[in-house]
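Here are my notes from going through this model, in numbered points. Have a look at the structure first, then read on.

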Amino acid sequence: MKVLLLTGLGALFFAYYWADNFDPATLQGARVLLTGASAGIGEELAYHYARLGSHLVLTAHTEALLQKVNFLSYVQLTSLALPSLTDSKGSLVVVSSLLGRVPTSFSNPYSAAKFALDSFFSSLRRELDMQDVNVAITMCVLGLQDRASATEGVRGVTMAKAAQGPKAALAVIRGGATRASGVFYPWRFHLLCLIRAWLPRPTAWFIRQEFSVTVAAAA
């Protein structure tokens, strides 16, 4: 019975992630406000949306400024955009991080900002549902990207491999276009989030498999 149950759950899980109902034509002429488009995942998103024929409004930032206004900028922009999104039955696509779902070592300020981001938009989604407001919120949980500033900042500390930016950006666009509630890239991050719910305090051995503790402690 247990084997059948696990097999059934596994089948549902893979069917959920491999079902592809993304139609690129839905983004032809779509109006997209894209923040952080000067580098990283934002830059890759801009390229993809442009190829798909969307009308883009782009904003840029520096890495140092982003760290200071990370959470508050999301809240302020959302508050300003929400009336227009409500009228147009639009979508909010929020690019977050695995560190906003699974706490890890040596990233306290960044992780705290991402946890706040996840909490804010999860609460907002419930409020919109209660008010019967047809605005979709897609939370995108991404890992380390392969841009130079990200990989250099954690070189010698984390053993995690960086994902390719263009593929991560396309996963974000697919999720937003289909009004999915969440996007996990790579997909195994969803499993990590589920495991974290079951095992909120992993043993030190598991933590050491992800980090070079000696280097990180001395940094």
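1. Ground rules. This is a predicted model, with local features requiring pLDDT of at least 70 and side-chain atom pairs counted only at pLDDT 80 or more, while totals for chains, interfaces and linings use all residues. Numbering starts from 1 along each chain as its sequence is written, and side-chain values use heavy atoms, with hydrogens and water left out.

2. The three-stranded sheet. In the order β3-β4-β5, 3 strands form an open sheet with parallel pairing. (Strands are DSSP runs of E with at least two residues, helices are runs of H or I with at least four, and both are numbered from the N terminus; two strands pair if DSSP finds at least two bridges between them.) β3 (91-97) and β5 (182-185) sit at the edges with a single partner strand each, so one side of each has no neighbour in the sheet. From one strand to the next, the twist averages 15°. As a reminder, strands of a sheet pair through backbone hydrogen bonds, either parallel or antiparallel.

3. Zooming in on S96. β3 and β4 (residues 136-142) are joined in the parallel sense over 7 bridges. S96 is found in β3, and the bridge partner of S96 in β4 is V141. Those two residues are 45 apart in sequence but 5.2 Å apart in space, C-alpha to C-alpha. Is S96 buried or exposed? S96 is buried, at a relative accessible area of 8% (buried means under 20%, exposed over 50%, partly exposed in between, using a 1.4 Å probe and protein chains only). Leaving aside residues up to four places away in sequence, S96 touches K114, L117, M139, C140 and L142, where contact means heavy atoms within 4.5 Å.

4. The helix across the sheet. Helix α4 (residues 108-130) lies across β3 and β4 and runs at about 155° to β3. (Axes are lines fitted to C-alpha atoms, for helices over the stretch in contact, and angles run from 0 to 180 degrees between N-to-C directions.)

5. How many aromatic pairs turn up in a search of the whole structure? The search finds 2. (Rings of Phe, Tyr and Trp, the last by its six-membered ring, pair if their centres lie within 6.5 Å; planes under 30 degrees apart count as stacked, over 60 as edge-to-face and the rest as tilted.) Y74 and F121 are edge-to-face, at 6.2 Å centre to centre with 85° between the planes. That pair links distant parts of the chain, Y74 in helix α3 (residues 63-88) and F121 in helix α4, 47 residues apart. F120 and F121 have ring centres 4.9 Å apart and planes at 80°, so this pair is edge-to-face too. F121 is buried at 1% relative accessible area, whereas F120 is partly exposed at 23%.

6. The β-α-β unit. β1, α2 and β2 make a right-handed β-α-β unit (right-handed if, with the strands pointing away from the viewer, the path from the first strand over the helix to the second runs clockwise). β1 runs parallel to β2 (residues 55-58), joined by 4 bridges, and L33 stands opposite V57 in β2. The covered face of β1 has V32 and L34, and the uncovered one has R31 and L33. A39 sits in the loop between β1 (31-34) and α2 (40-51) and is partly exposed, with a relative accessible area of 38%.

7. Helix α6. This helix (residues 165-177) has 13 residues and reaches 18 Å from first C-alpha to last, close to the expected 18 Å (1.5 Å times one less than the number of residues). Its buried residues include A168, A171, V172 and I173, and what covers the buried residues of α6 includes α2, β3, β4 and β5. Just after α6, R179 takes a positive phi of about 60°.
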